[in-house]
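Subject: Structure handover

Hello,

Please find the structure below. My notes on it follow.

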Amino acid sequence: MTIDDLIGKNVIEESIKKIYEKDKEINSVLRIEKAEGNKDGDYFGIPFLVKDNILVEGTKTTNGSKILENYNSPYTATAVERLLKAGFTVVGKTNMDEFAMGNTNEHSAFGPVRNPKDLARVPGGSSGGSAAAVAAGYVPFSLGSDTGGSVRQPAAFCGVVGFKPSYGMISRYGLTAFSSSLDQIGVFANNVKDARTVTEIMKGKDPKDSTTLEHDKDLVKDVEIDLSKTKICIPKVVYHENADDNVIKQFERAINFLRSKGAIVDVKDIPELEYSVAIYYIIAPAEASSNLSRYDGVKYGLRNDALGLNRMYKSTREVGFGMEVKRRIMMGTFNLSSLYYDQYYSKASKVRKLLSDKIKEVLNDYNLIMTPTSPVLPPKIGEKLKPLDYYLMDIFTIPANLNGSPAISIPFGDVQGLPFGIQFIGRYMKDEELLTIADNFFKETSRELKNYV
């Protein structure tokens with residue numbers, strides 16, 4: 001199901017019917033809630049779904065948390081508003097890891113999401129509901145948010161395309177803040193062309209978000225580059241000890257495919273990338289600790305009454321937040337404390353700058369950096385892993401958030417019957433170049449993949 005196939009048709013009720021019929025098993029859609037698009041828009045009658053941390057007036061926005069279980073959106077996010085103006089219609093809100101903290105979609109107050117490709121496995125997170133909904137065929141595209149890989153990793157696990165634009169390309173107005181210097185709204189679709197179309201509609205300066213930038217290139221139009229003229233860098237960290245051997249074998253097939261098309265593919269040591277997970281898990285929880293302090297039982301959502309203000313704060317947060325959110329808030333509060341600020345947060349910010357500069361330097365010589373999207377295959381629901389094992393699942397996706405680069409996950413066959421994704425990281429605010437290369441790769445592999453798997 002592509003956007004082009006649906007132009008001129010009204011499939012909104014058909015989409016809602018599919019959700020009712022199929023989603024009891026998958027649990028990807030929390031609620032059917034409609035926000036009708038502009039009837040004069042080019043895309044009227046085409047449905048999409050929105051991750052439940054993005055506000056749409058007239059719908060609830062729970063962030064997958066009990067603390068916001070009954071919170072009604074007072075306005076519509078700019079990105080969604082632009083899609084509605086183009087004619088697209090919101091048909092529901094998708095399940096997610098609570099406050100976008102997690103990479104399996106098991107950390108939702110409303111139950112885990114199941115992977116449509118294997119119901120025993122996770123769909124990835126934190127935007128697992130949005131990824132699973134596209135993979136299940138409910139809608140041609142959906143919106144998610146990406147703070148450390150939360151669009152790209154579930155896209156890889158579910159076998160769909162997941163695109164995170166450059167930081168500042170899409171307004172964050174109406175996106176619930178997790179880590180404000182890393183968050184970005186992204187797109188899930190069945191092909192790269194649809195991701196390009198949707199991003200082109202959403203992009204651009206927004207007076208309500210001072211971090212947004214103008215971008216005058218049309219993301220739907222190809223720039224003059226093809227696979228034969230593409231220079232690609234493979235970081236040595238790809239061959240990390242935690243990477244699954246079968247994932248690496250499939251990744252090598254993708255390298256061989258690109259070389260067969262004339263692309264230059266070099267393996268390069270970028271030692272700074274080894275610190276990306278450590279940097280992320282200092283900076284992101286610190287910003288989350290600040291952003292989530294507003295959920296105190298006074299201004300938003302749940303209030304668990306107790307005797308005295310401090311007890312009310314504690315009681316509300318104890319009942320309202322899940323374990324992973326509490327863990328990250330405590331990590332962040334510790335990192336920001338006066339005794340440890342210089343030792344952790346300040347140092348991580350400096351290393352982040354070094355990492356960003358290094359990625360920029362590499363991308364002066366190469367069109368893109370290429371990795372597997374995830375070093376492992378989707379684990380089974382309920383599988384007992386240590387928190388650090390889960391955090392390392394984002395080792396390849398985190399760098400693009402730390403330096404603001406655009407990045408995309410593209411399906412590349414299966415590994416042991418499970419979807420596998422290739423990640424391309426592009427030059428900052430050169431999204432049109434990355435999308436052109438990704439689209440060419442997607443089209444070529446769709447035709448010829450059988451020879452390389």
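Accessible areas here come from the Shrake-Rupley method with a 1.4 Å probe, and for residues only the protein chains shown count as cover. On that basis the protein chain exposes about 17800 Å², of which carbon and sulfur atoms supply 49%.

The model is predicted: local features need pLDDT of at least 70, side-chain atom pairs count only at pLDDT 80 or more, and totals for chains, interfaces and linings use all residues. Residues are numbered from 1 along each chain as its sequence is written, and side-chain values use heavy atoms, with hydrogens and water left out.

Overall fold. The protein chain has 14 helices and 11 strands, taken as DSSP runs numbered from the N terminus (helices H or I, at least four residues; strands E, at least two). Its radius of gyration, 21 Å, is close to the 22 Å that the globule rule gives for 453 residues, so the chain is as compact as a globular protein of that length. That radius is taken over C-alpha atoms, and the rule is 2.2 Å times the number of residues to the power 0.38. The C-alpha trace spans about 70 × 55 × 45 Å along its principal axes.

Burial. Of the 453 residues, 60% are buried (under 20% relative accessible area; exposed is over 50%, partly exposed in between; 1.4 Å probe, protein chains only).

One residue. K229 sits in the loop between helix 6 (192–202) and strand 7 (231–235). K229 counts as exposed because its relative accessibility is 58%. From K229 to N242 is 13 residues in sequence and 32 Å in space, C-alpha to C-alpha.

Regards
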